Amino acid sequence: MELFWRHGYEGVSISDLTDAIGIAPPSLYAAFGSKARLYQEALDRYAVGALDLSVLDQATDLRDGVAAILAAAIGSVHAKGQACMISTGMLASDRAHDALACDLADRRQRFGHLLQERLERWVPAAEAASLARYIVAIMQGISVHARDGATLSELESIANYAKAALPAC
(Lines give C-alpha, C1' and ligand atoms only; values in the text may rest on other atoms or scores of the structure.)
Protein backbone atom coordinates (compact mmCIF):
# COMPACT_ATOMS: atom_id res chain seq x y z
CA MET A 1 0.00 0.00 0.00
CA GLU A 2 2.77 2.43 0.95
CA LEU A 3 4.55 1.93 -2.38
CA PHE A 4 1.39 2.49 -4.40
CA TRP A 5 0.47 5.45 -2.22
CA ARG A 6 3.85 7.08 -2.68
CA HIS A 7 4.49 6.27 -6.35
CA GLY A 8 1.11 5.47 -7.89
CA TYR A 9 0.18 2.32 -9.73
CA GLU A 10 2.35 2.93 -12.77
CA GLY A 11 5.33 4.02 -10.68
CA VAL A 12 5.62 0.67 -8.91
CA SER A 13 7.09 -2.38 -10.61
CA ILE A 14 6.56 -6.04 -9.80
CA SER A 15 10.18 -6.06 -8.63
CA ASP A 16 9.46 -3.15 -6.26
CA LEU A 17 6.49 -5.03 -4.84
CA THR A 18 8.22 -8.37 -4.40
CA ASP A 19 11.24 -6.68 -2.79
CA ALA A 20 9.00 -4.78 -0.35
CA ILE A 21 6.88 -7.81 0.52
CA GLY A 22 9.85 -10.19 0.58
CA ILE A 23 8.45 -12.75 -1.85
CA ALA A 24 9.23 -13.99 -5.35
CA PRO A 25 7.09 -12.92 -8.33
CA PRO A 26 5.37 -16.34 -8.64
CA SER A 27 4.22 -16.02 -5.03
CA LEU A 28 2.81 -12.56 -5.69
CA TYR A 29 0.86 -13.84 -8.68
CA ALA A 30 -0.32 -16.90 -6.74
CA ALA A 31 -1.58 -14.70 -3.90
CA PHE A 32 -3.09 -11.82 -5.88
CA GLY A 33 -3.34 -12.92 -9.49
CA SER A 34 -1.98 -9.66 -10.84
CA LYS A 35 -0.43 -6.34 -9.93
CA ALA A 36 -3.81 -4.73 -10.64
CA ARG A 37 -5.57 -6.99 -8.11
CA LEU A 38 -2.91 -6.22 -5.51
CA TYR A 39 -3.45 -2.51 -6.18
CA GLN A 40 -7.19 -2.88 -5.65
CA GLU A 41 -6.56 -4.71 -2.38
CA ALA A 42 -4.17 -1.94 -1.34
CA LEU A 43 -6.92 0.59 -2.11
CA ASP A 44 -9.38 -1.44 -0.02
CA ARG A 45 -6.92 -1.47 2.88
CA TYR A 46 -6.25 2.24 2.51
CA ALA A 47 -9.99 2.98 2.50
CA VAL A 48 -10.42 1.29 5.89
CA GLY A 49 -8.15 3.84 7.52
CA ALA A 50 -9.08 6.75 5.27
CA LEU A 51 -11.56 9.50 5.90
CA ASP A 52 -14.51 8.44 8.02
CA LEU A 53 -17.73 10.38 7.53
CA SER A 54 -18.77 9.69 11.10
CA VAL A 55 -17.00 12.95 11.96
CA LEU A 56 -20.22 14.57 10.72
CA ASP A 57 -22.30 12.84 13.40
CA GLN A 58 -21.33 15.29 16.13
CA ALA A 59 -21.77 18.39 13.98
CA THR A 60 -24.51 20.77 15.02
CA ASP A 61 -24.91 22.54 11.68
CA LEU A 62 -23.64 22.57 8.11
CA ARG A 63 -20.61 24.76 8.78
CA ASP A 64 -19.63 22.67 11.77
CA GLY A 65 -20.00 19.53 9.66
CA VAL A 66 -17.93 20.87 6.80
CA ALA A 67 -15.31 22.08 9.27
CA ALA A 68 -15.14 18.58 10.75
CA ILE A 69 -14.83 16.81 7.40
CA LEU A 70 -12.18 19.22 6.11
CA ALA A 71 -10.22 18.98 9.36
CA ALA A 72 -10.30 15.19 9.07
CA ALA A 73 -9.15 15.41 5.44
CA ILE A 74 -6.28 17.70 6.42
CA GLY A 75 -5.31 15.40 9.25
CA SER A 76 -5.22 12.37 7.00
CA VAL A 77 -2.99 13.90 4.32
CA HIS A 78 -0.83 16.33 6.28
CA ALA A 79 0.59 13.75 8.67
CA LYS A 80 2.27 11.82 5.86
CA GLY A 81 2.68 14.63 3.34
CA GLN A 82 0.97 12.36 0.86
CA ALA A 83 -2.03 12.95 -1.36
CA CYS A 84 -5.10 10.84 -0.71
CA MET A 85 -4.51 7.55 -2.52
CA ILE A 86 -8.10 7.43 -3.74
CA SER A 87 -8.90 11.07 -4.49
CA THR A 88 -5.82 11.59 -6.64
CA GLY A 89 -5.15 8.03 -7.77
CA MET A 90 -4.83 7.40 -11.52
CA LEU A 91 -6.15 10.79 -12.61
CA ALA A 92 -3.82 10.34 -15.55
CA SER A 93 -2.70 6.91 -16.65
CA ASP A 94 -1.97 4.74 -19.64
CA ARG A 95 -5.08 3.55 -21.45
CA ALA A 96 -4.03 -0.02 -20.66
CA HIS A 97 -5.07 0.73 -17.09
CA ASP A 98 -8.51 2.18 -17.86
CA ALA A 99 -10.26 -0.46 -15.74
CA LEU A 100 -8.28 0.58 -12.65
CA ALA A 101 -8.84 4.26 -13.40
CA CYS A 102 -12.58 3.57 -13.67
CA ASP A 103 -12.49 1.69 -10.36
CA LEU A 104 -10.94 4.73 -8.68
CA ALA A 105 -13.46 7.07 -10.31
CA ASP A 106 -16.23 4.83 -8.97
CA ARG A 107 -14.73 4.91 -5.50
CA ARG A 108 -14.61 8.71 -5.63
CA GLN A 109 -18.22 8.88 -6.81
CA ARG A 110 -19.38 6.52 -4.05
CA PHE A 111 -17.66 8.71 -1.46
CA GLY A 112 -19.36 11.78 -2.94
CA HIS A 113 -22.76 10.07 -2.76
CA LEU A 114 -22.19 9.02 0.84
CA LEU A 115 -21.19 12.58 1.70
CA GLN A 116 -24.28 13.89 -0.08
CA GLU A 117 -26.52 11.61 2.00
CA ARG A 118 -24.92 12.91 5.19
CA LEU A 119 -25.31 16.54 4.10
CA GLU A 120 -29.03 16.04 3.49
CA ARG A 121 -29.33 16.35 7.24
CA TRP A 122 -28.93 20.11 6.74
CA VAL A 123 -29.87 20.90 3.13
CA PRO A 124 -32.25 19.53 0.47
CA ALA A 125 -31.01 16.66 -1.73
CA ALA A 126 -30.27 18.74 -4.86
CA GLU A 127 -28.28 21.26 -2.86
CA ALA A 128 -26.54 18.46 -0.95
CA ALA A 129 -25.41 16.93 -4.26
CA SER A 130 -23.80 20.19 -5.40
CA LEU A 131 -22.34 20.83 -1.98
CA ALA A 132 -20.86 17.33 -1.81
CA ARG A 133 -19.14 17.88 -5.18
CA TYR A 134 -17.78 21.21 -3.88
CA ILE A 135 -16.46 19.65 -0.66
CA VAL A 136 -14.89 16.74 -2.53
CA ALA A 137 -13.18 19.21 -4.89
CA ILE A 138 -11.83 21.14 -1.90
CA MET A 139 -10.64 17.89 -0.32
CA GLN A 140 -8.88 16.89 -3.53
CA GLY A 141 -7.18 20.28 -3.67
CA ILE A 142 -6.10 19.94 -0.05
CA SER A 143 -4.72 16.52 -0.89
CA VAL A 144 -2.66 17.83 -3.80
CA HIS A 145 -1.35 20.76 -1.77
CA ALA A 146 -0.34 18.40 1.06
CA ARG A 147 1.55 16.27 -1.46
CA ASP A 148 3.29 19.40 -2.72
CA GLY A 149 4.49 20.24 0.79
CA ALA A 150 1.91 22.75 2.05
CA THR A 151 2.11 23.51 5.75
CA LEU A 152 -0.68 22.72 8.16
CA SER A 153 -1.48 26.43 8.35
CA GLU A 154 -1.75 26.67 4.58
CA LEU A 155 -4.08 23.67 4.42
CA GLU A 156 -6.23 25.07 7.21
CA SER A 157 -6.45 28.37 5.33
CA ILE A 158 -7.93 26.54 2.33
CA ALA A 159 -10.51 24.93 4.62
CA ASN A 160 -11.34 28.27 6.23
CA TYR A 161 -12.06 29.89 2.87
CA ALA A 162 -14.21 26.93 1.87
CA LYS A 163 -16.22 27.14 5.10
CA ALA A 164 -16.69 30.89 4.69
CA ALA A 165 -18.25 30.29 1.26
CA LEU A 166 -21.01 28.10 2.73
CA PRO A 167 -24.56 29.34 3.20
CA ALA A 168 -25.70 29.77 6.79
CA CYS A 169 -27.92 26.81 7.70
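Reader: In which helix is arginine 6 found?

Author: Arginine 6 is found in helix α1, residues 2-7. Helices here are DSSP runs of H or I with at least four residues, strands are runs of E with at least two, and both are numbered from the N terminus. The model is a predicted one, in which local features need pLDDT of at least 70 and side-chain atom pairs count only at pLDDT 80 or more, while totals for chains, interfaces and linings use all residues. Residues are numbered from 1 along each chain as its sequence is written, and side-chain values use heavy atoms, with hydrogens and water left out.

Reader: Why is arginine 6 called partly exposed?

Author: Buried means under 20% relative accessible area and exposed means over 50%, with partly exposed in between (1.4 Å probe, protein chains only). Arginine 6 has a value of 38%, so it is partly exposed.

Reader: With which residues is arginine 6 in contact, leaving aside its neighbours within four places in sequence?

Author: Arginine 6 is in contact with Gln82 and Arg147, where contact means heavy atoms within 4.5 Å. Arginine 6 also lies 9.7 Å from glycine 81, C-alpha to C-alpha, although 75 residues separate the two in sequence.

Reader: What makes up the secondary structure of the chain?

Author: The chain has 8 helices and 0 strands. Along the sequence the pattern reads α-α-α-α-α-α-α-α. The C-alpha atoms fill a box of roughly 55 × 30 × 30 Å along the principal axes. Of the 169 residues, 36% count as buried. Among contacts between residues at least 6 apart in sequence, 64% join residues at least 24 apart.

Reader: What makes α7 and α8 roughly antiparallel or roughly parallel?

Author: Axes are lines fitted to C-alpha atoms, for helices over the stretch in contact, and the angle between N-to-C directions runs from 0 to 180 degrees. Under 35 degrees counts as roughly parallel, over 145 as roughly antiparallel, 65 to 115 as roughly perpendicular, and the rest as oblique. Helix α7 (residues 125-147) and helix α8 (residues 152-164) pack at about 165 degrees, with their axes 10 Å apart. That angle therefore makes α7 roughly antiparallel to α8.

Reader: Is the crossing of α7 past α8 left-handed or right-handed?

Author: The crossing is right-handed. A crossing has that name if the near helix is turned clockwise from the far one by less than a right angle, and is left-handed if anticlockwise.

Reader: Which residues of α7 and α8 meet?

Author: Tyr134, Ile138, Ile142, His145 and Ala146 of α7 meet Leu155, Ile158 and Ala162 of α8. By class, this contact has 7 nonpolar residues, 1 polar and no charged ones. Nonpolar covers Ala, Val, Leu, Ile, Met, Phe, Trp, Tyr, Cys and Pro; charged covers Asp, Glu, Lys and Arg; the others, Gly among them, are polar.

Reader: How do you know how α5 and α8 are oriented to each other?

Author: α5 and α8 pack at about 155 degrees, and their axes are 10 Å apart. The two helices are therefore roughly antiparallel. Their crossing is right-handed. The contact includes Arg63, Val66 and His78 of α5, with Leu155, Glu156 and Lys163 of α8 among its partners. Its classes come to 9 nonpolar, 1 polar and 3 charged residues.

Reader: How many disulfides does a search of the whole structure find?

Author: The search finds 0. A disulfide is a pair of cysteine sulfur atoms within 2.5 Å. The sulfur of cysteine 84 is 18 Å from the closest cysteine sulfur, that of cysteine 102, so the two are too far apart for a bond. Cysteine 84 is buried at 16% relative accessibility, whereas cysteine 102 is partly exposed at 47%.

Reader: What is the phi of methionine 90?

Author: Methionine 90 has a positive phi of about 55 degrees although it is not a glycine. Methionine 90 is placed in the loop between α5 and α6, and with a relative accessible area of 10% it is buried.

Reader: In which loop is tryptophan 122 found?

Author: Tryptophan 122 is in the loop between α6 and α7. Its relative accessible area is 17%, so tryptophan 122 is buried. The C-alpha atoms of tryptophan 122 and glycine 149 are 34 Å apart, with the two residues 27 apart along the chain.
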